[in-house]
Every structure is written in C-alpha cells, then in structure tokens.
Amino acid sequence: MRPYSGEKLCGRCFCKSIEEKVRATISKYEMLKHDDKIIIGVSGGKDSVTLLHILTKIERDFPKASLSAVTVDEGIRGYRDEALKIAEKNCQKLDVEHVVVSFKEMYGAELDEIVNKTQQKEDNQLTPCSYCGVLRRKTLNTTAREAGANKLATAHNLDDETQTMILNIIHGDPLRIARVKPVLPIIHPKLIQRVKPLCEVLEREVAFYAHLRKIEFHGVPCPYAGAALRNDVRNMLNRMDRRHAGTKYTIFRSMERLRPALEALGKKEELRECKICSEPTVAEICKPCQMLKELHVL
Ligand code: SF4
Ligand code: ZN
C-alpha cells in the first residue's frame, strides 16, 4: 500500500488510479473469485455508492460473477428516505438488482422507536449507533444469505478501519482488532463472507473520486452520528493526518502486522445458534436479540 504522495494527476488518471487500487486490494487479499455472487451494502452515502460504481466496472470483466445491492432502512426519519432514493437511482443507472430491507420488517421497530425506548431506560449507556450497527450487521447477513450471495461487500474505507482499530483500544478490547480485517474468514455456514474492497482507500480519495465521476450520493449526516465516540476519533485522526501525513496508513499497516499475534492470543469461540432467532452467536442468545429483549421490543 502506497501512501498518497501528493503527486499531481489529472481527474481521469486519478479515477483510474483509485480503480487500480481497488483491483489491487481485491487481488492482494484474494477477496473475490471469478464466479462469486456478490451483494453490496449500499446506504446511499458516498462510500457505498462509489464502491457500487467501481465494483460494477470490475464485475464486467468477470461474466460468471454477479452483483446485486441491498439497502438497510433503519427507520431514521428525515434522513434515510432521501438516501434510499439515491441508492435506488444509482442501482437503476448501473442496472444492478436492488433490495431494501427495513428494521421494522426485521425486528418490528424502527431505529427511531428503539432510540426512544433507550431514552426511557435510566441505566442505558449505549448510543443509537451501537444498536444500529449490531442490527444492521444481522440484517445485511440475513439478506445476503437469502439472496443466495456468497460475498457481502461493504464500503469501509481506510479511515473507517483505522477508527475502528483505535475505538477497540479505547473500549479496552484490543483483541477485537484481530477481527477488523479486509476479508472476514468463513466461520459458520450461516455467515456470509464479508469483504472490504475500499479498505486501503482514504475517505478523501473516495470523496474526490465521487466528485470527479459526478456520482450522486447522499451527503447529509445521520442525526445520531454526533453522539458516537467514533466522531471524536475521526476528528483526532484527521487532525493527526493533516499534521503528520500518512498517519492513517501507518496505523493500518501496524495493525496488519500485529494481527497474527493478536489472533494467536485470542481464544477461538465456538458458534452456536441463537435460541430466539437461530442466527449464529457465541452466547445462548445473539447480541441483537439480547438488545431488543432488554428494550422489550422482542
Ligand atoms: Fe446508524 Fe449511527 Fe450510522 Fe446513523 S450514524 S446510520 S445511527 S450507525
Ligand atoms: Zn437471536
């Protein structure tokens, strides 16, 4: 991985270089095979829509592969509706099959309702993003499986990955860094393998690509984003990277080197099926079911 050198490229060459970087990432981590059934999580934001455009291009070179998209409608009033339309528009433009799955249909409650319930719980320490992240991961996996996909591509970029690594340290759970990977291993037949083709592309590079390619995306921030610790970590890393160019790459590479040692330290957890929903889990009841039970949603 080469840090952005600041070399001057014309718009067309810059876009080509990003596409090349994504191809190189896919091949370096052996993310995709020529006949994969890939489903992309498309929120409508710049990262996921950009990934959709780049993967559509790449997929054309592999006639036996297929590509579809899924958008999760968490139920965030005044935010998700517009993003959904944009995701839909991009999929139509690229002729990619698109499914929308909502928290309401999956869990019987929208995120707004869940957040309301958490506010009535005095001892609740979790942010809306904690609920959203856990429920969305389950939704994406179930939908990917039901769609018959064997790869679930998500648009985590280099910034997201380094933020998650730092967050794991802040949360006092450094062994979890071993799970922040460009390709997640297949650990249960019900879990669809997740791949992150943008994991070596900086957020600002994605934004520039989307701008140059005139890709339509939803640029409005989620109303719940401000409450997340991730926001502070993002600001800190951006400040560091401005003052010390390449900081994000260095963190990413350091964690790559540390991962084998962390993996050896962590114990392998046996997965079983959740007593409530039958999805894979390490405990008797999976995290999403636990969360919803505590809020009396289940
Ligand atoms: Fe969900 Fe948080 Fe992202 Fe909003 S910012 S969509 S609540 S994870
Ligand atoms: Zn469950």
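Is Glu284 buried, partly exposed or exposed? Let us look at this residue and some other charged ones in a predicted model.

**View 1. Glu284 pairs with Lys275 in a salt bridge.** Glu284 is partly exposed, as its relative accessible area is 43%. From N to O, the two side chains are 3.5 Å apart.

**View 2. Glu19, Lys57 and Arg213 belong to one network.** Here, salt bridges that share partners do the joining. Why might such side chains pair up at all? Opposite charges can pair when the charged atoms come close.

**View 3. A salt bridge brings together the side chains of Asp159 and Lys248.** The N to O distance is 2.6 Å. Follow the chain and you will find Asp159 in helix 7 (residues 158-170) and Lys248 in helix 10 (residues 247-265). Asp159 has a relative accessible area of 4%, so it is buried. Lys248 is buried too, with 4% relative accessibility; the cut-off for buried is under 20%.

**View 4. Lys21 and Glu205 form a salt bridge through their side chains.** In this case, 3.1 Å separates N from O. Lys21 sits in helix 1 (residues 11-28), while Glu205 is found in helix 8 (residues 203-212). The two are 184 residues apart, and their pairing links distant parts of the chain. Both Lys21 and Glu205 are buried.

**View 5. The whole model holds 21 salt bridges.** Among them are the Lys21 and Glu205 pair and the Asp159 and Lys248 pair.

Technical notes:
Residues numbered from 1 in each chain as written. Chains lettered and ligands numbered in written order. Predicted model: local features only at pLDDT ≥ 70, side-chain atom pairs only at ≥ 80, totals over all residues. Heavy atoms only, no water. Salt bridge = Lys/Arg side-chain N within 4 Å of Asp/Glu carboxyl O. Helix = DSSP H or I, 4+ residues; strand = E, 2+ residues; numbered from the N terminus. Buried < 20%, exposed > 50% of the residue type's maximum accessible area, 1.4 Å probe, protein only.
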